[in-house]
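This report describes the fold of one protein chain and the surroundings of its ligand. The sequence and coordinates are shown first.

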Amino acid sequence: MNAVEIRNLSKNFGSKQAVCGLNMTVPMGAIYGFIGENGSGKSTTEKMICGLIPTGGGSIKLYGKDYTDGDVRAKVGVLIEAPGCFKGLSVWDNMMLQATNLNIPDAEKEVVKVLKMVRMEGAAGNKFKNCSLGMKQRVGIAMALLGNPTLLVLDEPLNGLDADGMRIMREVFTDIVKDGKRSIVVSSHLLGELQKVATHYGIIRHGKMIKEMTADELDTSCRTYVAIQTADMNRAKSLLGCKYSRVEEDEAGYIRVYDMTTPEEIVAYLYENGICVTEIMTDKIGLEEYYIDLMKEGN
Ligand SMILES: Nc1ncnc2c1ncn2[C@@H]1O[C@H](COP(=O)(O)OP(=O)(O)OP(=O)(O)O)[C@@H](O)[C@H]1O
Ligand SMILES: [Mg+2]
């Protein structure tokens, strides 16, 4: 059974179609990276999944039941925009307040558990206003985890985090889903970071899902290439352009050959033409380049 199954979902704001005919499938245990340009409808979709705004048509099923069903509603934890915390109160007091509002039984034990899950057990006494951005985001996730939800919906939780904050967040995500019972839908523009942790992807454009795939499918569909540096880049580029059909210079100044070939073949070919290769490697394009390519295709 899937954690989320959306069919033909729509939402208009006045004459603006924010989401139109969107399909989405989030399997249990997935970290589902939800990607799309600004204004493509990610937050609107997430808000509908969480029941924060009404849908304008179509169906949302959570664990096989309609999303309005009380039992499944209780299984959804949400962090959209900043966590609703009192700045002057400690992390602990904020958490206890939220736990009490939600009538969580055995609140203290539950708060200890969720703070541990987000690596905040050592900072529970900090005032919320003195927490770093990364810590604040993790408090938000801890709040979303209260009540033991099995689906977490997180809107751009990686924004503004430093390298260490990103690493901790990745660990937190992986921990949350590790027993296969919970799933996370996480929207982000930080594709490189998302790729380090997501197991599934959904790419949305103009309110429509244009691609869904697993991390493995991304891996196999990402083109491999040979990248080189030579002493004479211009000549090397034009020579390679004569022999191969897809030759491009990347941002780091390497020439990339995407055709089926080998580093040996390229080195030999350039050597025969009097060009010495100074550096060579094979690699695959990542999520970011895959996404840019997909957008260029104008889907
Ligand atoms: N409450 C609202 N009233 C009117 N228009 C809205 C409202 N919320 C969203 N929209 C519009 O719906 C479209 C989708 O917005 P949404 O916030 O879902 O995009 P997004 O993919 O989350 O973008 P971003 O990456 O910038 O967060 C946008 O054109 C936006 O302006
Ligand atoms: Mg958004």
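**Overall layout**

The model is predicted. The protein has 299 residues, 34% of them buried. Its secondary structure comprises eleven helices and 14 strands. The C-alpha trace extends over about 75 × 45 × 35 Å along the principal axes. Of the contacts between residues at least 6 apart in sequence, 69% link residues at least 24 apart.

**Domains and their contact**

The domain assignment divides the protein into domain 1 (2-219) and domain 2 (222-296). Their C-alpha centres are 39 Å apart. Nine residues from domain 1 and seven residues from domain 2 form the contact. On the side of domain 1 that touches domain 2, H7 and H8 each provide at least two residues. H7 contributes the most to that side, with four residues. By class, the residues on that side of domain 1 are five nonpolar, two polar and two charged.

**Nonpolar cores**

The largest nonpolar core contains 64 residues. Those with the most contacts inside this core are Val 4, Ile 31, Tyr 32, Ala 142, Val 153, Ile 184 and Val 185. Helix H5 (residues 133-145) supplies the largest share of the core, six residues. The core takes at least three residues from each of domain 1 (2-219) and domain 2 (222-296).

Leaving aside residues up to four places away in sequence, Ile 31 touches Phe 173, Val 177, Ile 184, Val 186, Val 197, Ala 198 and Thr 199. A second, separate core has eleven residues, including Tyr 225, Val 226, Ile 228 and Leu 270.

**Helix H11**

Helix H11 spans residues 287-296, and its buried residues are Leu 287, Tyr 290 and Tyr 291. These lie on the same side of H11 because they cover an arc of only 100 degrees around the axis. Ile 292, Asp 293 and Lys 296 are exposed, on the face of H11 turned away from the buried side.

| Partner of the buried residues of H11 | Residue range |
|---|---|
| strand S3 | residues 31-35 |
| helix H7 | residues 191-195 |
| strand S9 | residues 200-205 |
| helix H8 | residues 215-221 |

Two of these partners, H7 and H8, are also elements that each supply at least two residues of the side of domain 1 that touches domain 2.

**Gly 253**

Gly 253 sits in the loop between strand S12 (247-249) and strand S13 (255-257). Is this residue buried or exposed? Gly 253 is exposed, because 9 other C-beta atoms lie within 10 Å, and a residue counts as exposed at 12 or fewer. The C-alpha atom of Gly 253 is 9.6 Å from that of Ala 227, which is 26 residues away along the chain.

**Ligand 1**

The shell around ligand 1 consists of Phe 13, Lys 16, Ala 18, Gly 36, Asn 38, Gly 39, Ser 40, Gly 41, Lys 42, Ser 43 and Thr 44. Strand S2 (16-27) and helix H1 (42-49) are the elements that give two or more residues to this shell. H1 gives the most, with three residues. The class make-up of the shell is two nonpolar, seven polar and two charged residues.

Methods. Residues are numbered from 1 along each chain as its sequence is written. Chains are lettered from A and ligands numbered from 1 in the order in which they are written. This is a predicted model: local features need pLDDT of at least 70, side-chain atom pairs count only at pLDDT 80 or more; totals for chains, interfaces and linings use all residues. A residue is buried if 20 or more other C-beta atoms lie within 10 Å of its own, exposed if 12 or fewer, and partly exposed in between; C-beta atoms are placed from the backbone. The arc is that of the directions from the helix axis to the C-beta atoms. A residue is near a molecule or strand if its C-beta atom, placed from the backbone, lies within 6 Å of it. Ala, Val, Leu, Ile, Met, Phe, Trp, Tyr, Cys and Pro count as nonpolar, Asp, Glu, Lys and Arg as charged, and the others, Gly among them, as polar. Domain bounds come from an automatic or database domain assignment. A nonpolar core is a set of buried Ala, Val, Leu, Ile, Met, Phe, Trp, Tyr and Cys residues joined through C-beta atoms within 7 Å.
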